[in-house]
Amino acid sequence: MMTGNSKWLSKKEASKVLRVDEKILELLREEGDLKPGKHWRSSNDPEQLPWKPKAFYFISECKDLIEYWHDNDTSVDQIAA
């Protein structure tokens, strides 16, 4: 498993590194808090396209956003609301 802060990781790996549930990452992506190209990108695996491609997360950008919320006392419940 790659754990560098400037790496693109799968949802499962990113969840472990960022210490957030995989469902939270998915919710943040779907709600638009994690921006495509900046925080996440879709897999370019032709077997996954166009239906439900896996998302990969750019750890350093995601970490910055999650730390910002943590520093400003934003709970997971507020993010999910």
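Of the 81 residues in the protein chain, 28% are buried, a label given to residues under 20% relative accessible area, with exposed meaning over 50% and partly exposed the range in between (1.4 Å probe, protein chains only). The model is a predicted one, in which local features need pLDDT of at least 70 and side-chain atom pairs count only at pLDDT 80 or more, while totals for chains, interfaces and linings use all residues. Residues are numbered from 1 along each chain as its sequence is written, and side-chain values use heavy atoms, with hydrogens and water left out.

Confidence comes next. The mean pLDDT (the predictor's confidence in each residue, from 0 to 100) is 81 for the protein chain, and 72% of the residues score at least 70. Helix H1 has the highest confidence, at 95, and helix H4 (residues 76–80) the lowest, at a mean of 56. Where pLDDT is low, the predicted coordinates should not be read in detail.

The protein chain contains four helices and three strands, arranged along the sequence as β-α-α-β-β-α-α. These elements are DSSP runs numbered from the N terminus, with at least four residues (H or I) for a helix and at least two (E) for a strand. Strand S3 (residues 55–58) runs antiparallel to S1 (residues 8–10), joined to S1 by three bridges, and S3 also pairs with S2 (residues 40–42) in the antiparallel sense over three bridges; pairing requires at least two DSSP bridges between two strands. Phe 56 in S3 is the bridge partner of Ser 10 and also stands opposite Arg 41.

One aromatic pair is present: the ring centres of Trp 8 and Phe 58 are 5.0 Å apart and the planes meet at 40°, so the pair is tilted. Rings of Phe, Tyr and Trp (its six-membered ring) pair if their centres lie within 6.5 Å, with planes under 30 degrees apart counted as stacked, over 60 as edge-to-face and the rest as tilted. Trp 8 in S1 and Phe 58 in S3 are 50 residues apart. Phe 58 is buried at 18% relative accessible area, whereas Trp 8 is partly exposed at 23%.

Arg 41 lies over the face of Trp 8, 4.5 Å from the ring centre, and the charged end of Arg 29 sits over the ring of Trp 40, 5.0 Å from its centre. For such a placement, NZ of Lys or CZ of Arg must be within 6 Å of the ring centre and within 35 degrees of the ring normal.
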